Amino acid sequence: MSRRRTAGTLFQSKEDTNFKEALKLYESKQYKKALKLVDTNLKKKSHPQSLALKGLLLYHIHAANGKNEDPDNLEPKSYFQKALKEDASNPVINHIIAIFYRALPDYTEAAKYYKLALDNGSENRNIWKDLAVSEIQLRKYKNALAARLQVLNYFQGYRANWTGLAITHHLNKNYDQAEKVLTGFEELAEGKLSDPEFVEHSECLLYKNKIIFESGDVKKALKNLKEIEKTVFDHLSVNEYRATYQTALGDHKAASITYRKLLQRNPDKTDYYYLLEASLGIEQSNITKRLKLYNKLEKFYPKSDPPKVIPLMFLKADSKEFEDKLKNYLISKLQRGVPSVFKTLKFLYKNPAKVQVIEKLVLEFLDDLAQKSKLDVDPTITVWTLYLLSQHYMFLGDISKAEEYIDKAMTHSPTLVELILFKANIAKHKGQLVEAADIVNSARLLDLQDRFINCKATKYYLRADNLEKAIEIASLFTKNDDAVNGLKDLHLMQANWYLIEESEAYFRLFKKAKNALINHLNKIDSENIEFTPELSREVKDEIDEVQKLKGLTLKRFNSVVKNYKEFENDQLDFHGYCPRKGTPRAYISMLNWADGLFNQPLFMRAVKGMSEVYLSINDDIVNREASIIYKYSEIIASSASKKSKNKNKNKTNKRREQEASKIIAYDHDLDVFGEQFVNTDEPIEKLNELFSLTTDKTSVFYLKLSFLIYIIQGKFILAFQSLKNAKDILVDPSQAILPYYLMKLVESLKNNTDPKLEAIKSMVVKSISSVFKDFNADESFDVILTKFFKLSEADGLENHYFYLKSTKLAGKYDEAVATKILELINKGKIDRDLNLDELVILKDYVEANGSEDCYWI
Amino acid sequence: MTITIRQATIYDLQAIQNANLHNLPENYMLKYYMYHILSWPQASYVATTTDLSTYEHDEEAQTVDKYSQKKIDESKTDPSYANPKEKVVGYILGKMEDDPNPEDKTPHGHVTSISVIRTYRRMGIAEKLMRQSLYSLCECYGAKYVSLHVRVSNRAALHLYRDTLQFTVLKIEKSYYADKEDAYSMKKELVLEELVPSLFQKSEFVDDFEKDLLSDEED
């Protein structure tokens, strides 16, 4: 590590010897012993290298007790600063700091210090490898290339370094260079490979072939494929590549043969069937030809699903062939007691004529079963048929028939888990969430060994906002060790499905508690109820409960975010591992997958939930003076004596300690209740930080949220730009949502009094009219309302909601629409139109007569 | 919707992890799944339900109403979806033995985990997953045999491995699982030609890759 080798060991100081010894101890993870040596060095005089190492050692020692989770813990960094102050160009110090940042992880800083160590003359060539890894993690492929070139330069004897360089060329889109490097090693290794190396060799040959194809030279890729075929083991890839190349070159006949080979190897892959059709030049509208093809394929592959199901898609509903094929399919599944038959046919329900055929066939089949003598019929067939009919009617919205058939089925077999599950599903659709959960739980009790039904019960209890019961059940299958429940294990195992459902349950509970509190305070206020010490304590408890639920909502949503960050970080080891293992193709896929992580729907679902809360925190800050909660919080704070405050605090602390053991998420969790999320003065900054992780800026959700953030920040041009982009991607631009947001923009422009923004504001007003035809920002909201909003009978809740919000903006809150919304909700529209959280937001809004601001992002 | 069996990719891992968390008590962090797919990319498979409307449009179908549109959007936020058109309903996670000091130096494979979601059982999905994985382990990595563990109480799985797939029970491992249940340790010798998955379609008709698939003549 040292550049001052010339001094030699002979003249080495005591400090240097100690330092070397400490480094060795660090490498074997004996941090405390190493710290002792370093501290000895630092007792008498300064030793900058020891200062740096002390920082790194403290970081690792803190990791064991959770202190690193504390964002205010700056201790390790302070030692680095001291070390750098004394010897900034010392490569050993630079290297130690780089290692710290890599562990943190902060790859930008890590790369910076690796680079510094090298620039300052470090002779440790392995630093080039670490630098390359950091640069790739940061997606700075140019920098990574420079480092990987050095690595190969220094360590030519390892294939990994050739493969690693080729990958880095590939990432830089230097296809020729990548190919050349791979060929270079092949030539060196010719005839020298040993048996265990052939798997790696096979993968590298296929990788090169893929690169040739990506470079655009398809002919060369096809030729190369033929050359390597004998040496390559993975014939699935060979044939998939070949078919792609043949198609790209227009040789459809050859491609069709290749797809037939692929089908023989795996007749259960749906893609192959459609690709085979295309290579045979069959048009999708040519039903006769397609039917002929699929009849033949079904004979070859009678145990596979696609040749039986695809024709159900393309055959006409009134054809005999459709009815015959459907009948065969249905009846064979029913006879085998396949529970998922409805799910696999659900795609046909977009076609009403086909739905009728299904209904007719199943009813006939049920009749036949009834005709036959009981001895001839396996009773379970009747049960599965009744089950199917129940699902069928449920999908069509005929709840009473659905219930009739599921009840009949359950009379036959009262203990069949699938039936009970569906019974619960019906209850859920009727809005009976608590009953539904209890029904699923009764099924769970019938099969305690099955985790699937356990998870179902957990999920239903979460939907019913019964968190205690949910975690109690889930904990039957988790590793609980010394914890009171399985919550920590669910976090450790990254059970995102549980975490997101629990977050949303907390969100609903938070909303409920907050509304109850506001109603309570309004009552006290308007009826002049005496604010006795008892009442004061009661209200204080209610306020604390709202704060707690708000914190836990953000905390749990953040657990999902944290898992996604962990996934991103999980790539790190593979940058070095995959070139060594010889799996470059899978590695490239990993990079692409990771690039899209923060655009994934589940991640966005967490962002959505957190943004609702952060925006409401921002509202609370902006409207603090007018807030009734704030008013009473102040009254309580000023009235309580210091003594009673302390007494109460002790009591609350005890209660919270008990509660904490049930909801703690991690070992060394320093913020069990998520207070650091709630007690922020900068909710929009926090939201932005989270939101900036996503790279896909084209979704409606993204545009809506960015619009809301921009108007809060007074960035009107950007806010307008978001709406303009949203207009282009909305499925149905006539929906009320767009004019509502335009009105909101106009309102913000009017409310903004900053004279410096005058020019910008008038520019935005002009742009609005030019992009959104007929929308004149100078017109009154009244006029805009009649011009742009037309509600129809068929409109869903979402449209009603945005219309209602617009009437509120126009100062004409439309009671009739509010009533209509409540009516729609009570009709059992839950789930058909909205998810539960949107429903909560909607109900809140209507029930508070539009006074509580809320978001629907 | 068709049931598809196909090789797993890194894009499937989160949905596989989700299926594993729903079905089994032995769970792993995502990095362990990544380790499998990045070490032995050919060894793991998934079963998915595949939405056919991404391939073709039924002309008789009514235009998608707002309700179904909403349903489609929502389904994407369900962690069991690997992508908007495919939901993962089963998986097999396979690997080669990579213990630096293995008991047996013969190259051989191991099934780390396999499961099918309860509502998709009785369709032969586990068998198909297993056959694809065994074929790939043998073809790509030269596995001479494959081993696995199964709970002694899991009769359905035992039936599949022993009777359908011809695994043999080597021994009972006492208290193998965290809850102290015993495991059967099982093994199957692999011979590539005998493993071709389509053999088990047991059809009298076999594609010879030559005959015109659209001709009228009967086979």
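View 1. The buried residues of α10(A) are covered by, among others, α9 (159-171), α11 (198-214) and α12 (218-228) of chain A; helices here are DSSP runs (H or I, at least four residues), numbered from the N terminus. Buried (under 20% relative accessible area, 1.4 Å probe, protein chains only) applies to Ala178(A), Glu179(A), Val181(A), Leu182(A), Gly184(A), Phe185(A), Glu186(A) and Ala189(A). Keep in mind that this is a predicted model, where local features need pLDDT of at least 70, side-chain atom pairs count only at pLDDT 80 or more, and totals for chains, interfaces and linings use all residues. Residues are numbered from 1 along each chain, and side-chain values use heavy atoms, leaving out hydrogens and water.

**View 2. Helix α10 from end to end.** Why do the end C-alpha atoms of this helix sit 21 Å apart? At 1.5 Å times one less than the number of residues, the 15 residues of α10 (residues 175-189) of chain A should span 21 Å, so the model agrees. Just past α10(A), Gly191(A) has a positive phi of about 80°.

Terms used: Chains lettered and ligands numbered in written order. Helix = DSSP H or I, 4+ residues; strand = E, 2+ residues; numbered from the N terminus. Buried < 20%, exposed > 50% of the residue type's maximum accessible area, 1.4 Å probe, protein only. Contact = heavy atoms within 4.5 Å.
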